[in-house]
Amino acid sequence: MPDSGYPWPIETTRLDNGLRVVVSEDRTAPAVAVNLWYDVGSRHEPTGQTGFAHLFEHLMFEGSVNVAKTEHMKLIQGAGGSLNATTNPDRTNYFETVPAEHLELAFWLEADRMGGLVPALTQETLDNQRDVVKNERRQRYENVPYGDAWLRLLPMLYPPGHPYHHATIGSMADLNAADLATFQDFHRTYYAPNNAVLTVVGDARAEEVFALAERYFGPIPPRADIPAAPDGHTVAASGEPARETVTADVPAPRVFLAHRTHPFGSPGYDVVTVLATVLGSGRGSRLYQRLADGERIAQPDLVGAYGVDLAHAPAPLIATATARPGVTAERLEAGLAEVVDELASVPVTATELDRAKALLTTAWWRQMSTVDGRADTLSRYATQFGDPARAADRLPAWLAVTAEQIAEVAAEVLAPRDRAVLRYLPEADA
């Protein structure tokens, strides 16, 4: 397999109703991945409607005009397929991988819930899924040690009114306050063919896919007035760090340092991606070598750094560590900050750079090794950058990053004055 580029064919078309269709044929195995990206995530949510995009991730499995409640899942799994959906600030994604002979089934199911969910949406279904989301919030965020870190970091990084200020799980108050008609209008507004990308990767010819897309999705009318997402690219720097200390039922002190960097897909974020790998990926990273193996102030499996791939705002870089027994949050924060700050002054070595690029290359080809991984990637680049073929640019961009660029970007975006610091303290230490 080559070191860079995208070695599979990509063919595209656009239906009269605006639906973009992407096909990448691969006859290696008799399977197809169907991936549908809607350009709606938590950043699109109007005031008072936080959590709507994520709730629809659940509602879209609860039946549509011709498909009974939970039948979508039963039909796909009964055909030997797998399926799921995810929501993030930038988009909502529905996907299934099925034997190639069941491609038409997947299209029928996806088209029915794109064009036929609203008539089938009932108050009972809405109330039921609201309760499911409440339980998800409790299980994933509120009743898990350190689980609400992301809910706390986002408001520290992005001010009120910014589209990334709130997490996709949303406000329970907003979800409870909205009536059925409000949710129906949200679906009519954003779940339209001209706000979606349909990608098929695997054992299917482009002509076949385009014909099926026209048959099943073509009759769905477009939405003429889809509101533009609010612009999140500008974030006024406060000039001083944001800080929060949380005393909670946690086993040990944990510290998060977060910075706004560059949007995903930009040259600056390509540098940040390599920088984050040098800083915090695995046992060879600077954070592990210094804090876990060297000074032994951080737990070995609980230290690292990562970027959050947000495409329409300065995306976060987050470094985190959890203290070993007897180590205070203050000592841990100082050590974490020291390693992060040194990225601007202590040059990345050739060995560090080669290791980071090798890890990123492996991760890229792992994503590309499956039809569902490729389908998701092509949907992303078609939705966020207007061209699925731009996916071929990503790995070469990472491989071209230099140590000098890392130092320059670190000095630009990792300044302590623009840092968000979140600390957790065990209740026993309070």
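I began with what a pocket is: on a 1 Å grid over the protein atoms alone, an open set of points with protein on both sides within 12 Å along at least five of seven lines, while a cavity is a set of points where a 1.4 Å probe fits but cannot get out; lining residues have an atom within 4 Å of a point.

**Ground rules.** The model is predicted, so I noted that local features need pLDDT of at least 70 and side-chain atom pairs count only at pLDDT 80 or more, while totals for chains, interfaces and linings use all residues. Residues are numbered from 1 along each chain as its sequence is written, and side-chain values use heavy atoms, with hydrogens and water left out.

**Whole chain.** I looked up the secondary structure and found 15 helices and eleven strands. Helices (H or I, at least four residues) and strands (E, at least two) are DSSP runs, numbered from the N terminus. I checked the radius of gyration, taken over C-alpha atoms, against the globule rule of 2.2 Å times the number of residues to the power 0.38. For 430 residues a compact globule would have a value near 22 Å; the chain has 23 Å, which agrees. The C-alpha trace spans about 60 × 50 × 40 Å along its principal axes.

**First sheet entry.** I traced an open, mixed sheet of six strands in the order β1-β2-β6-β3-β5-β4. Two strands pair if DSSP finds at least two bridges between them. β1 (11-14) and β4 (82-87) are at the edges with a single partner strand each, so one side of each has no neighbour in the sheet. The twist averages 15° from one strand to the next. Axes are lines fitted to C-alpha atoms, for helices over the stretch in contact, and angles run from 0 to 180 degrees between N-to-C directions.

I then followed β3 (residues 31-38) and β5 (residues 92-99), which are antiparallel over eight bridges. Ala33 has Thr97 in β5 as its bridge partner. Helix α1 (residues 52-59) packs on this sheet and touches β4 and β5, with its direction at about 165° to that of β4. Contact means heavy atoms within 4.5 Å.

At the other end, β1 and β2 (residues 20-25) pair antiparallel over four bridges. Arg14 stands opposite Arg20 in β2. The two strands form a hairpin with five residues between them, and Gly18 in the turn has a positive phi of about 100°.

I found five strands in another open, mixed sheet, ordered β7-β11-β8-β10-β9. β7 (242-248) and β9 are its edges, each with a single partner strand, so one side of each lacks a neighbour in the sheet. Helix α11 (residues 329-341) lies across β7, β8, β9, β10 and β11, at about 35° to β8.

**Pocket entry.** I put the largest pocket at about 600 Å³. Grid points are joined across faces, edges and corners, and a volume is the space filled by probe spheres set on the points. Of its 28 lining residues, Phe264, Thr273, Asp309, Leu360 and Trp398 lie nearest the centre. α9 gives the most to this lining, six residues.

**Cavity entry.** How many cavities of 30 Å³ or more are there? I counted one. The largest cavity has a volume of about 30 Å³. Among the residues lining the largest cavity are Met60, Phe61, His72 and Arg113.
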